[in-house]
Amino acid sequence: MDYATSDARTPLGATADNGLKIVVVGGFGVGKTTLVRSVSEIRPLNTEETMTRAGETIDDISEVRGKSATTVAFDFGRITLDARNVLYLFGAPGQERFWFLWDRLFSGTLGAVVLVDTRRIDDSWYAIDRLEHHGTPFIVACNDFGGPGHTPAEIREALDLDPHVPLIECDARSRESSKRVLITLVEHLKTVYAASAEATAPASADTEEVTKSPELAL
């Protein structure tokens, strides 16, 4: 299957006033790099390295036999929301031995996408646990790997997902599908931060920009 990559990227505009940080997390081989690559308006920065036989003794590749490279630090992409706001996308490494990087990567993050392979739902537990620990709002996106179908209720039960956390399906190779994932996250953040702003002191500058409902110019 071909990945949705393109050399025809939208030129960057003038420096934006606000950079909004989003993190894409999930288990090993769930498609985080692919999602960032498919939707970024710039050629993404990635830290992929070729997988070797030595790595097979450390990482469980039984469900990702076609995978030949893996992220060893993070992926980075950018998306313009409007003239003043941009999203900075960070794709976290999925292997357990790199999880120590996640807490630092979550610093300053407004929200996150937890990408899930429904054939390996258990691999998503750590990502959800760390995001809840940090109090970071997130949505769950089930990447389509053509495995057995599961109802949303079954997935929510398996992940012990809060009813208010959005759950959607996606194909990380598709730019349009990845856009829908980010739109869903931004809309969720608007709801979360608007409610928080009403209940507490005035919101921070970044939070105010999210609650103003910027349109995703993708």
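Let me start with the contacts in the protein chain, where contact means heavy atoms within 4.5 Å: of those with a separation of 6 or more, 75% are accounted for by residues 24 or more positions apart. This is a predicted model, in which local features need pLDDT of at least 70 and side-chain atom pairs count only at pLDDT 80 or more, while totals for chains, interfaces and linings use all residues. Residues are numbered from 1 along each chain as its sequence is written, and side-chain values use heavy atoms, with hydrogens and water left out.

The protein chain has seven helices and eight strands, which are DSSP runs numbered from the N terminus, with helices being H or I of at least four residues and strands being E of at least two. Of its 218 residues, 47% are buried, where buried means under 20% relative accessible area, exposed means over 50%, and partly exposed lies in between, with a 1.4 Å probe and protein chains only. The chain exposes about 11,200 Å², and carbon and sulfur atoms supply 51% of that area; accessible areas come from the Shrake-Rupley method with a 1.4 Å probe, and for residues only the protein chains shown count as cover.

Now to the interior. In soluble globular proteins, nonpolar side chains tend to be buried together. A nonpolar core here is a set of buried Ala, Val, Leu, Ile, Met, Phe, Trp, Tyr and Cys residues joined through side-chain atoms within 4.5 Å. The largest such core has 24 residues, of which Leu87, Leu89, Val113 and Val181 touch the most other members. Two or more residues each are given to this core by strand S1 (18-26), H1, strand S5 (85-91), strand S6 (111-117), strand S7 (138-143) and H6, and the largest share, six residues, comes from H6. There is also a second, separate core of 22 residues, which includes Leu105, Ala112, Leu131 and Val165.

Which residues surround Val113, once its neighbours within four places in sequence are left aside? Val113, found in strand S6 and buried with a relative accessible area of 0%, is in contact with Val23, Val24, Val25, Ile139, Ala141, Val181, Leu182 and Leu185. Between Val113 and Val140, 27 residues apart in sequence, the C-alpha to C-alpha distance is 5.9 Å.

Next, the helix pair. Helix H1 (residues 32-39) packs against helix H6 (residues 175-199) at an angle of about 100 degrees, with their axes 9 Å apart; axes are lines fitted to C-alpha atoms, for helices over the stretch in contact, and angles run from 0 to 180 degrees between N-to-C directions. The two helices are therefore roughly perpendicular to each other. In this contact Leu35, Ser38 and Val39 of H1 meet Arg175, Ser178, Lys179, Val181 and Leu182 of H6. Seven of the eight residues of H1 are buried, so H1 is largely enclosed by the rest of the structure.

Asp160 is exposed, with a relative accessible area of 58%. Leu161 lies in the loop between H5 and S8 and is buried, with a relative accessible area of 10%. Leaving aside neighbours within four places in sequence, Leu161 is in contact with Ile128, Phe138, Val140, Arg156 and Leu167.

Technical notes:
Angles under 35 degrees count as roughly parallel, over 145 as roughly antiparallel, 65 to 115 as roughly perpendicular and the rest as oblique.
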